[in-house]
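Have it open while you read.

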Amino acid sequence: MTFTPDNSDPADLDALAGEYVLGTLNGQQRRALEQRLPHEPDLQAAVDRWEARLLPLNDLAPAQQPSERLWPRIERSLNALNVPASPTQASTGWWNLLPLWRGLTAAGLAATLALGVALWSVTPAISPPAYVVVLVAPQSQAPGWVIQANDREHIQLIPLGVAQVPGDKALEFWTKADDWAGPVSLGLVKPGQVLSLPLDRLPPLSPNQLFELTLEGPNGSTTGKPTGPIQFIGRAVKVI
Amino acid sequence: MTLPEPLFDYEACLLACARGEQQALVALYAQESARLLGVAKRIARDSALAEDIVHDAFIKIWMRAASFDPGRGSARGWIFSLTRHLALNCRRDTRLEIQVSESSELALQPLATLDGRHQMQDPLQWPDGCERIYGCLEQLDPARRSCIVHAYVDGYTHAEIANKLDTPLGTVKAWIKRSLSALRECMG
């Protein structure tokens with residue numbers, strides 16, 4: 001099967017686009033096609049249609065957690081590209097991005113309504129909201145961890161990079177809602193580790209609830225309250 | 001685990017990247033890096049190389065976010081396609097490609113038999129969901145379905161599929177061509 005560069009029969013174009021998206025063209029054919037794309041809207045449109053058709057097949061590849069080195073490496077490359085680095089962008093963090101939140105809110109509302117309708121026959125309860133927390137370093141405001149909660153009783157702590165922790169220290173995870181007397185320990189966290197935590201012993205997540213990671217002794221704080229310096233800190237934002 | 005896909009606004013995220021808001025890229029990384037790495041790893045077949053690809057993908061997403069055109073497809077699709085094509089280009093360029101001429105096509109067949117009979121079965125479970133592609137794939141003959149899935153997910157070349165399936169290269173090429181045509185008919 002050969003594809004001549006100038007063929008423009010719609011069926012041939014579509015077949016070529018299909019093989020390109022499927023991945024069965026060789027390197028030379030791929031490069032030739034990619035050079036044509038900007039100049040040939042019909043070919044580009046055929047490629048776009050195939051991308052959309054086959055996209056769900058990506059779900060067949062099992063997800064793989066990146067190493068802790070990957071994000072810092074991406075960040076270094078971005079900085080090397082002479083783009084504004086995250087510390088100077090702290091005032092426009094992604095939690096301040098109106099379009100992002102507007103979209104999330106709309107999507108969240110739609111999802112909540114859909115789920116609410118789906119659950120109507122089972123339980124009259126409306127689907128609880130989702131929360132997001134970005135934990136940033138207090139000095140540089142560089143994000144280090146993200147907390148995501150798809151319900152108010154369960155959270156997930158996801159590292160964005162490798163946190164530097166001295167050998168004789170450990171990171172302890174704390175939370176405090178506005179109306180609590182003091183922070184409550186959620187246990188020790190290993191740098192780079194994804195942590196799934198039930199909040200079954202605590203009141204459900206509330207908006208603005210504080211989360212922080214402090215540097216404590218190897219077995220955690222001995223007083224039951226944070227004693228070491230705060231490494232990362234952030235507050236819960238209700239997605240809807 | 002990350003936010004369910006409907007809750008993450010990929011398009012707003014790309015718009016924010018286009019405006020130079022790096023936190024949007026951080027959010028995208030938290031949301032999709034594991035799935036993108038999964039896609040790249042499957043094609044690159046090497047963890048370090050897959051991370052190189054995802055690194056390049058995030059740089060490219062950042063640099064080219066402004067060129068994303070919602071009229072051409074979904075933002076999430078754009079992100080996955082960009083990453084997957086980087087992986088495919090990397091594999092097609094770095095490995096010694098089996099140049100398939102008419103003569104090597106014939107030569108490959110005995111190799112496939114020497115290698116033992118690799119009956120490719122459907123090694124993957126369809127995920128739950130109502131994506132139309134799965135219904136359409138179900139309508140294909142299992143061997144042809146395998147061709148499509150292994151080409152897309154594993155980045156196999158025609159020759160590699162022929163080798164694995166112990167089927168002549170010309171047959172595999174024809175199967176794929178007809179399967180794509182059938183999928184297009186089925187999916188519209």
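1. A word on ground rules. This is a predicted model, with local features needing pLDDT of at least 70 and side-chain atom pairs counting only at pLDDT 80 or more, while totals for chains, interfaces and linings use all residues. Residues are numbered from 1 along each chain as its sequence is written, with chains lettered from A and ligands numbered from 1 in the order in which they are written.

2. Chain A has 5 helices and 9 strands, in the order α-α-α-α-α-β-β-β-β-β-β-β-β-β along the sequence. Helices here are DSSP runs of H or I with at least four residues, strands are E runs of at least two, and both are numbered from the N terminus.

3. Of the 240 residues in chain A, 34% are buried (20 or more other C-beta atoms within 10 Å of the residue's own, with C-beta atoms placed from the backbone). Among chain A contacts with a separation of 6 or more, 61% join residues 24 or more positions apart; a contact means C-beta atoms, placed from the backbone, within 7 Å.

4. Now the interface: chain A puts in 57 residues and chain B 63. Elements of chain A giving two or more residues include helix H1 (10-22), helix H4 (70-80) and strand S2 (143-151). H5(A) gives the most, with 7 residues. By class, the chain A side has 32 nonpolar, 18 polar and 7 charged residues (Ala, Val, Leu, Ile, Met, Phe, Trp, Tyr, Cys and Pro are nonpolar; Asp, Glu, Lys and Arg charged; the others, Gly among them, polar).

5. Axes are lines fitted to C-alpha atoms, for helices over the stretch in contact, with angles from 0 to 180 degrees between N-to-C directions. A:Leu70, A:Arg73, A:Ile74, A:Ser77 and A:Leu78 meet B:Glu51, B:Val54, B:His55, B:Phe58, B:Ile59 and B:Trp62.

6. Within chain B, helix H1 (residues 10-18) and helix H2 (residues 22-44) pack at about 140 degrees, axes 7 Å apart. B:Cys13, B:Ala16 and B:Cys17 of H1(B) touch B:Ala24, B:Leu25, B:Ala27 and B:Leu28 of H2(B). The class count is 7 nonpolar, no polar and no charged residues.

How values were computed
Buried ≥ 20, exposed ≤ 12 C-beta atoms within 10 Å, placed from the backbone. Contact = placed C-beta atoms within 7 Å.
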